Number of protein chains: 2
Amino acid sequence: MKPEIDPSGLMRWIIELSEITEVPPPAVTRVLFSKEDHAARNYVRQIAEALDLEWRVDACGNQFARWTGSNAALPAVATGSHIDAIPNAGAYDGVVGVLGSFEAIRALKAAGHQPIRSIEIITFTAEEPTRFGIGCLGSRLMSGNLSSEHAAALKDTGGKSLADWLTEQPWGGLLDSVRLEIGHYAAFIELHIEQGPLLEREGLDIGIVEKIAGPATLIARWTGNGGHAGAVLMPERCDALCAAAEMIVAVETAAKKTRSADTVATVGLCEVHPGAINSIPCDVRMGIDVRDTDIEARTQCIENIESAAHEIAERRNVELKLETLHAEPPAICDDQLVLLALESAQELGFTMRKMISRAYHDTLFMAELCPTTMLFIPCRNGWSHRPDEFSSPEQIERGTAVLANLLARAST
Amino acid sequence: MKPEIDPSGLMRWIIELSEITEVPPPAVTRVLFSKEDHAARNYVRQIAEALDLEWRVDACGNQFARWTGSNAALPAVATGSHIDAIPNAGAYDGVVGVLGSFEAIRALKAAGHQPIRSIEIITFTAEEPTRFGIGCLGSRLMSGNLSSEHAAALKDTGGKSLADWLTEQPWGGLLDSVRLEIGHYAAFIELHIEQGPLLEREGLDIGIVEKIAGPATLIARWTGNGGHAGAVLMPERCDALCAAAEMIVAVETAAKKTRSADTVATVGLCEVHPGAINSIPCDVRMGIDVRDTDIEARTQCIENIESAAHEIAERRNVELKLETLHAEPPAICDDQLVLLALESAQELGFTMRKMISRAYHDTLFMAELCPTTMLFIPCRNGWSHRPDEFSSPEQIERGTAVLANLLARAST
């Protein structure tokens, strides 16, 4: 079937949602529990209500919009993504998957599709790690990857725990209730911008994901001796930032040196204390993000980072605390679902390829619950997590059309 | 003469002033124009009024408390320091010089001293560069080192200019009026904690400064390409933080390599944008502080930093904007005043040495107006600009006694 996607309606939703931001547009910032996070959640709810979908919010804020099928007892087909955004991000990451899902259902309804299995759109809570330093909070809790006790105790940089935050939310409840059973869903399909340059470079419409790189996050904290930048001579210093700087270069080198071309390692967060122009840094906190689809290459990279860090700390006489915040295995998508997605794209006449996802997504954790795949669309220059992130209305329309077709196949 | 210093009264002032802070004690933060900056200014004013001193505030917020001498037409002897504090600093930097000056005048009055020249205590505005990125705002304007036009146009990180800030201050007026003529003062003497380890290590009471290292500040801004930390492969990256990290190490190396053992270079400020754990840094802004008493060694260091920076930028294909915010020559103190200070310390029976000041102070700029020297007292481990900065009540008492003796000599 060829459901008629309405690109202008969908783009209106995307633009309106992008205007709910903590910073001036076109930059988008929507951090969990901010006023803007709540406003964006309500925006999605209004769309669900206008489409006459059944609405539910779980105890950690995952939102569910359900189109009940003729056999409601069967496990539903799920789709969706997230609407939170890291500081100064763009309008498409996550959002295309959420709003595209609603447009797909609107088009399926308009085309007279009668689902046997229910179709459920999930807007996951806090896919981005901004507040608690850990990504995919909603899908981790849903899959049991993260225990409710561990989650409740997570603290943000202000020292406030998730449990404390949740008591202030309208949906707050028992975190235990978030977890779903294996088999609760028949499938999970996530539409997303690629966040990489491959589809654009190869001039393809659709990427169908068969593997997701496993992410790991390390936190390093360097403690040296501060002091006045004029008064302490060079040989007497224990500058925490000089140690951290060597580490930043070592992280880059470690990623380049593994056996896998897919290993990436990034220091994206580097907080310098006290952070004054005339003060020697006494304390630096950094986040290190390491990923690969090849788990052994990733392990090798992390080991090289760890040994470089300890060597630097010892040589410079700077104290180091290095901890692994999380380390997930890669996820393998479902062969049958990947095949079904290829057929959908083919039926609609789009060009496509199978690919891996180097970014991780809620799908990584949903894969612990049910068969999954992801549909990628190109984005300009592969850019993401920046204000000039962009996919064209046509690219979004094609991705949404494949999603609708695939949802129709999977729900009947 | 041996004026009787009251260490307990002076320590009470120091402790009370340290409790006026934007952060929990013992850390002290008082940034220009904050509520706490204003409260600290008022605290000083109350002391001046209790001592019956004549009060004046100039158009940029420098505060003057004058004890009029019997020949008021003669140029006054000036003393003083600053009370602003960088984020998470301590209780003694600057404060000892301001409150010690008031205690010195209280003791001289109590001892029946009759000054011929007036004695004037200056509390300089914004010695610390926190708000506008440039230190010694008050003394730069007073000496003409900084023009009133340039000063008015300075902007803080929020984009608000000094001129705009001043319209909101009770003392705001024409910045042109701040500048003083050469010869306006007969001398300027600044009491200060050493902010280095020398006096403590050698077990001495007093350091008498004969030279002040010349400071220079550079700002580097690195602009690369951002993107998702998972999605962009290593060879495709232009990571601004990796470039900045190499630069941090290069700054340290450049300082260690000059012909002078006194060269110091520090990256104290390093702001990473967007600063998310899963985002490749696209923009890094860093401050580089370089100092020496040997101007040629400092020039050599800055040139090495600049060429390293350009090499890194070119090799990594990252855009670099590097500008020199300011570069002051070293200051030479007045031989006669240094000799007088040595005699003061000797008369009081304290151990002493002549020394250089590696930190810079308002004295660096006052030296453009009149003969100067500084009196240093030991501070624990040489630590400064941190909450555990400490000089003992006895060390502070001795420094204040020498200041009082020297003011008595210089004012008669």
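Predicted model: local features only at pLDDT ≥ 70, side-chain atom pairs only at ≥ 80, totals over all residues.
Let me start with chain A, where four strands form an open sheet in the order S10-S11-S9-S12, with antiparallel pairing; strands here are DSSP runs of E of at least two residues, helices are runs of H or I of at least four, both numbered from the N terminus, and two strands pair if DSSP finds at least two bridges between them. The edge strands, each pairing on one side only, are S10 (264-273) and S12 (319-327) of chain A, and from one strand to the next the twist averages 15°.

Residues are numbered from 1 along each chain as its sequence is written, while chains are lettered from A and ligands numbered from 1 in the order in which they are written.

Strand S9 (residues 214-223) of chain A runs antiparallel to S12(A) and is joined to S12(A) by eight bridges; Arg221(A) has Lys321(A) as its bridge partner in S12(A). Helix H8 (residues 240-256) of chain A packs on this sheet, touching S9, S10 and S11 (283-292) of chain A, and its direction makes about 170° with that of S10(A), where angles run from 0 to 180 degrees between N-to-C directions and axes are lines fitted to C-alpha atoms, for helices over the stretch in contact.

In chain B, the axes of H8 (residues 240-256) and H9 (residues 295-316) come within 9 Å and cross at roughly 155°, and these two helices, H8(B) and H9(B), are therefore roughly antiparallel, a term that covers angles over 145 degrees.

Now, how are the two chains related? A rotation of 180° with 0.0 Å of shift along its axis superposes chain A on chain B, with an RMSD of 0.1 Å, by least squares on the C-alpha atoms of residues with pLDDT of at least 70 in both copies; that is the relation of a two-fold axis. Ala245(A) is the residue of chain A that comes closest to the rotation axis, its C-alpha lying at 2.2 Å.

The contact between the chains takes 58 residues from chain A and 58 residues from chain B, counting residues whose C-beta atoms, placed from the backbone, lie within 7 Å. On the side of chain A that touches chain B, H8(A) gives the most, with nine residues. Finally, 100% of the interface residues of chain A are also interface residues in chain B, so the copies meet through the same surface.

Definitions and conventions:
Parallel < 35°, antiparallel > 145°, perpendicular 65-115°, else oblique. Contact = placed C-beta atoms within 7 Å.
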